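Reader: I have a chain on my screen and want a quick tour. Please walk me through the fold.

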Amino acid sequence: MIVKCNNCDKKITIPDEKIKGVSKFVVKCPKCGSRILVDKAKIDADPETERALSSKVNLDYEPDNVPLGKKSAFLFVFDPRLSIEIEDFLQNQGYFIRNVQKIEEALARFALNNYTLMFLEESKDTDRLLAEINKWPLLRRRETNVILLGETGRDFDQKLAFLKGVNFYLNKKSGELLLKIKQCLDEYESYLTCWKRNEKGT
């Protein structure tokens, strides 16, 4: 594969065997030292425009190295007790976990990775993340279970979830949070199974 540095225009040849089975990766330009995010799917879809890779993505972060067969979860949760509680639960469920506290890193991670599960705690920064999520292609959005944690609404408030653009809304102060999270995961899996069946026409 040949990619072009968006900073100095140097063409970089990357042996195909080094990137076999990888959809996104970061390469350092040997001429100017810039870090370049490469998305093979985008390059294959539009080779002329995507070889001049975008400089808008924050390249201070590498794509997550999620073990094969593991689901990935993204946490944007500020309450330390709540964050630890959810992390422990997800670890027991076998998830790879990425816990982020800063909006810049969160947006960069969104550009680099596809997560199957997200926990977002309500805040002004979270509104920015939700706006970004709502720009995703339909398939990517459908395959991501987004759970919003807040204090203003009732658990499983469908209207609030719809208005926020999430799959589920949970009130973090209502008690029995882990049981409710398990319910969210089960309901989402049922929805996804039904959707895939309908897509296949069975």
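Author: The protein chain holds eight helices and nine strands. Helices (H or I, at least four residues) and strands (E, at least two) are DSSP runs, numbered from the N terminus. This is a predicted model: local features need pLDDT of at least 70, side-chain atom pairs count only at pLDDT 80 or more, and totals for chains, interfaces and linings use all residues. Residues are numbered from 1 along each chain as its sequence is written, and side-chain values use heavy atoms, with hydrogens and water left out.

Reader: In what order do the five strands of the open sheet run?

Author: Two strands pair if DSSP finds at least two bridges between them. Four bridges join S5 (residues 72-76) to S7. Five bridges join S7 to S8 (residues 145-150). The pairing in the sheet is parallel, and the order is S6-S5-S7-S8-S9.

Reader: Which strands stand at the edges of that sheet?

Author: An edge strand here has a single partner strand, so one side of it is left without a neighbour in the sheet. The two are S6 (96-99) and S9 (168-171).

Reader: Which residue of S7 is the bridge partner of phenylalanine 74?

Author: Strand S7 covers residues 117-121. Leucine 117 has its bridge partner in S8, asparagine 145. For phenylalanine 74, the partner in S7 is methionine 118.

Reader: How many of the five residues of S7 are buried?

Author: Buried means under 20% relative accessible area, exposed over 50%, partly exposed in between (1.4 Å probe, protein chains only). On one side of S7, Leu117, Phe119 and Glu121 are buried; on the other, Met118 and Leu120 are. Both faces are covered. The count is five of five.

Reader: Which strands does helix H5 lie across?

Author: Helix H5 spans residues 124-133. Axes are lines fitted to C-alpha atoms, for helices over the stretch in contact (heavy atoms within 4.5 Å). Angles run from 0 to 180 degrees between N-to-C directions. H5 runs at about 145° to S7, and the strands are S5, S7 and S8.

Reader: And what angle does H8 make with S9?

Author: Helix H8 (residues 177-200) packs on the sheet. Its contacts include S7, S8 and S9. Its direction makes an angle with that of S9 of about 175°.

Reader: How many disulfides does the structure hold?

Author: A disulfide is a pair of cysteine sulfur atoms within 2.5 Å. Cysteine 184 is buried, at a relative accessible area of 0%. Cysteine 194 is partly exposed, at 41%. The number of disulfides is zero.
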